[in-house]
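Hi there,

Here is the structure I promised to pass along.

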Amino acid sequence: MTSDIATARSLLAGNVTCAFAKGNKTFVRTERGVAPLLALIDSGEDYGGFSAADKVVGKAAAMLYVRLGIKELYAGVLGVTGAEVLYRHGIRYDYGTLTDRIINRAGDGYCPMELAVENVSDAEEGERKIRARSKELRD
């Protein structure tokens with residue numbers, strides 16, 4: 001029998017940015033950044049106990065995974081501050097590469113979502129800051 005985290009990891013390929021598994025339930029998302037996590041929170045569904053795999057997880061994404069209630073996470077790239085958030089909330093995690101900072105898509109600076117939560121420790125407050133920054137970037 002394959003574990004949920006192994007199943008989620010196996011789904012993380014191609015254009016899939018994050019994948020979830022719990023028993024015989026699996027699903028994937030292809031949106032980039034924190035958009036798929038915000039959409040899952042907005043769905044109102046219960047993701048408690050799911051295992052997740054994601055290509056890149058920094059502090060911002062880790063806070064959203066906390067809000068989703070997942071039990072474990074694999075990140076291809078994991079930021080140190082993201083690992084700290086996961087650890088503090090008792091979420092088991094593994095990663096391919098651990099990095100000091102998550103950079104932006106252009107590769108010329110820090111991720112704007114990471115900057116939005118840089119001085120935030122509460123996941124609920126972090127979600128509010130992430131939503132505000134997302135709105136700023138869209139407008």
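Is Arg 9 buried, partly exposed or exposed? Arg 9 is partly exposed, because its relative accessible area is 39%, which falls between the 20% limit for buried and the 50% limit for exposed. Please keep in mind as you read on that this is a predicted model.

Arg 9 also has a charged partner: its side chain meets that of Asp 94 in a salt bridge, with 3.8 Å from N to O. The two come from distant parts of the chain, 85 residues apart, with Arg 9 in helix H1 (residues 4-11) and Asp 94 in strand E5 (residues 92-99). Asp 94 is partly exposed too, at a relative accessible area of 41%.

The search of the whole structure turned up 11 salt bridges, and here are some others from it. The side chains of Arg 29 and Glu 31 form one, at 2.5 Å from N to O. Glu 31 counts as partly exposed, with 27% relative accessibility. Another joins the side chains of Arg 133 and Glu 136, at 3.4 Å from N to O. These two residues lie 3 apart in helix H6, so about one helical turn separates them. Arg 133 is partly exposed at 23% relative accessible area, whereas Glu 136 counts as exposed at 54%. There is also a network, in which salt bridges with shared partners join Asp 42, Arg 67, Glu 127 and Arg 131.

Now to the helices. Helix H3 (residues 59-68) is largely enclosed by the rest of the structure, because 9 of its 10 residues are buried. Among the buried ones are Lys 59, Met 63, Leu 64, Tyr 65 and Leu 68.

How do H3 and H6 sit against each other? Two packed helices are described by the angle and the distance between their axes. Here the axes of H3 and H6 (residues 123-138) come within 9 Å and cross at roughly 120°, so the two helices are oblique to each other. The crossing in which H3 passes H6 is left-handed. On the H3 side, the contact is made by Ala 60, Met 63, Leu 64, Val 66 and Arg 67, and on the H6 side by Ala 123, Glu 124, Gly 126, Glu 127 and Ile 130. Sorted by class, this contact has 6 nonpolar, 1 polar and 3 charged residues.

Best wishes

Technical notes: Residues numbered from 1 in each chain as written. Predicted model: local features only at pLDDT ≥ 70, side-chain atom pairs only at ≥ 80, totals over all residues. Heavy atoms only, no water. Buried < 20%, exposed > 50% of the residue type's maximum accessible area, 1.4 Å probe, protein only. Helix = DSSP H or I, 4+ residues; strand = E, 2+ residues; numbered from the N terminus. Axes fitted to C-alpha atoms, helices over the stretch in contact; angles between N-to-C directions. Parallel < 35°, antiparallel > 145°, perpendicular 65-115°, else oblique. Left-handed = near helix turned anticlockwise from the far one by under 90°. Contact = heavy atoms within 4.5 Å. Nonpolar A, V, L, I, M, F, W, Y, C, P; charged D, E, K, R; others polar. Salt bridge = Lys/Arg side-chain N within 4 Å of Asp/Glu carboxyl O.
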